[in-house]
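Hello,

Here is the structure I said I would pass on. My notes on it follow below.

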Amino acid sequence: MKPRYACPKPVKVSRRKWPSRMLRQSPVWCAVDLRDGNQALPNPMTPVQKKRYFQLLIQIGFKEIEVGFPSASADDFQFCRDLIEQNLIPEDVTISVLTQAREHLISKTLDALKGVRRAVVHVYTATSELHMKFVFGKTAEETKAMALDAVRLIRDGSRTKLAGSEILLEFSPEEFTDTDLDFAVDICDSVIETWQPKPGEKVILNLPATVERRLPNQYADMIEEFMYRQKRGEQSIISLHAHNDMGSAVAATEMALLAGAHRVEGTLFGHGERCGNVDLITLVLNLQYLGVNTGLTFGNIETLRDELVELSGIGVHPRHPYAGELVFTAFSGSHQDAIHKGLMNADALTKHFGAWKVPYLHIDPRDLGRSFEKFIRINSQSGKGGIAYVLQQESGIHLPRPLLQDFSASVQAFADKAGREVEASELIGLLRAKYVLQDSPLRLLNYWPRPTAADPTRIEGEVHADFNGQAYTLSAAAQGPIAAFVRAMQQLPLPFTFKLDEYEEDSIGSDEDAEAVTFVKLSNSAGQSRYGIGFGVNIDQAAVRAIVSALNGLLNGK
Ligand code: KIV
Ligand code: ZN
């Protein structure tokens, strides 16, 4: 079948080493948010917004920041001037500016840099046949001549116009991944030769996947082969600049780093033309996960995300790696159960595996300033583990297993009916309504469990209760206050007999203000059973309340 698309052919590789390498070293990072990212925003940022963005990039730790295209926009020109004149560029940060390879644009670009301490001038020419021939009507020779003329102009212009500044060169053969590799190598070697780097100085050769037209392994092959064929490799820094049209920019960049590249250009959240540039948040955090010290920090990712959404006007997908609202959240029962167990045993797991590892969680969310609080959320797919976790986190209540089973059926029925997520407050409301607050038709007025003088474990007390609107005084006599209370309740004119089947006590809190919690299960002569939960300052009080609530449950059939 004739192919529909003219995909570039794989390059012939003389050797292929990258697949068996490991990523251990951090590349140099260059954030191009303020140029490539900004130019693709529906509403490009104002100078004030760009300044804020610039500060955020510095806080994250970027040491190289492309700040704009000064010859293409008055705003970019002014922004560059403001950064320099207002002394906003930290000493260890180098800005870069982009220019086309045209004389008047280069001249304007150099004007924008007057007074800068150190900067990169980034010049580009398209080198693919598609662009050279069909967009610009140029041959490869003409394109090369244009690139080299531009390099001379930057070199000579910066010596005169920017005499006190350190100016470095970056060259991009645009559409590198669709360019004949020998031509790319030749033009890049010639650029270095023309620039004449000082001893020890290197030229940045930025090799972009301007449009992602290849699979990531082919990008890596091209980078490895380019570096292999270079004549002036030791005078260059190989930089990656991947766009995300096939959704593989992160993988492509990772593989190209394995192939030997030294530097990466990208944007936060991948802002950029079409499907964007490589997303530096995902890429950097992937490397950090692998143990690479990237020099960048995303310690408060939610605040950063919200601020970037505001500045860019573009939202972040809730499932965006690391930063999306839902990426550390589990809805399904089996996942919740596993996460719950993992988190409860996190220390033991760390000890066993030698480092942090929890089921269904890629990294520890706390590393990104995210807490575990809202990570397990409840809907109709949720199971007991999730419900137990949310209850424990939100209210400190740790339900016994059978009661949890009983409760999760009610939660699922509620979620099915509501057709949406169940909030933690609703979960607690459901629990209270079903097990805690049932106080009709039976209402306890008071209970005085009095120990007898001869045997303090023997109770001979009194219960005052209201049942179906009528007041009762009942004698409570048995071994222990709870058994005595059950005996008293059994004297009421109930439509059934009942017994206490299960009883469990717990507490919320561990200091002197801890609250007692009691869980009970009652069953009646009609074959029904109900759970009740009671809270109180002491266990007896909590138990009595739990029994009354469960008894009302039996009476109401709820
Ligand atoms: O994607 C690209 O090729 C570019 C160049 C200007 C480097 O942004
Ligand atoms: Zn780009």
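**Cavity, zinc site and sheet**

The largest cavity has a lining made up of T177, A209, E212, R213, R214, L215, Y219, A242, H243 and A252. Please keep in mind that this is a predicted model. By class, that lining divides into five nonpolar, two polar and three charged residues. The space inside the largest cavity is about 50 Å³, and the structure holds one cavity of 30 Å³ or more.

H243 of that lining is also a ligand of the metal: the zinc ion (ligand 2) is coordinated by H243 through NE2, by H241 through NE2 and by D36 through OD, at 2.1 to 2.2 Å. Along the chain, the spacing of these donors reads D-x204-H-x1-H. D36 sits in helix α1 (residues 33-39) and H241 in strand β7 (residues 236-242), so the pair links parts of the chain that are 205 residues apart.

Are D36 and H241 buried or exposed? D36 has a relative accessible area of 3% and H241 one of 5%. Both count as buried, because the cut-off is under 20%.

Further along there is an open sheet of three strands, ordered β9-β10-β11, with antiparallel pairing. Its edge strands, β9 (442-448) and β11 (470-479), each pair on one side only. From one strand to the next, the twist averages 25 degrees. Strand β10 (residues 458-467) is joined to β9 by six bridges, and the two run antiparallel. For L442, the bridge partner in β10 is F467.

Regards

Key:
Residues numbered from 1 in each chain as written. Chains lettered and ligands numbered in written order. Predicted model: local features only at pLDDT ≥ 70, side-chain atom pairs only at ≥ 80, totals over all residues. Heavy atoms only, no water. Donors = N, O, S within 2.8 Å, 3.2 Å for Na, K, Ca; no water. Helix = DSSP H or I, 4+ residues; strand = E, 2+ residues; numbered from the N terminus. Buried < 20%, exposed > 50% of the residue type's maximum accessible area, 1.4 Å probe, protein only. 1 Å grid on protein atoms, 1.4 Å probe; cavity = no way out; pocket = protein on both sides within 12 Å on 5 of 7 lines; lining within 4 Å. Points joined across faces, edges and corners; volume = space filled by probe spheres on them. Nonpolar A, V, L, I, M, F, W, Y, C, P; charged D, E, K, R; others polar. Pairing = 2+ DSSP bridges. Axes fitted to C-alpha atoms, helices over the stretch in contact; angles between N-to-C directions.
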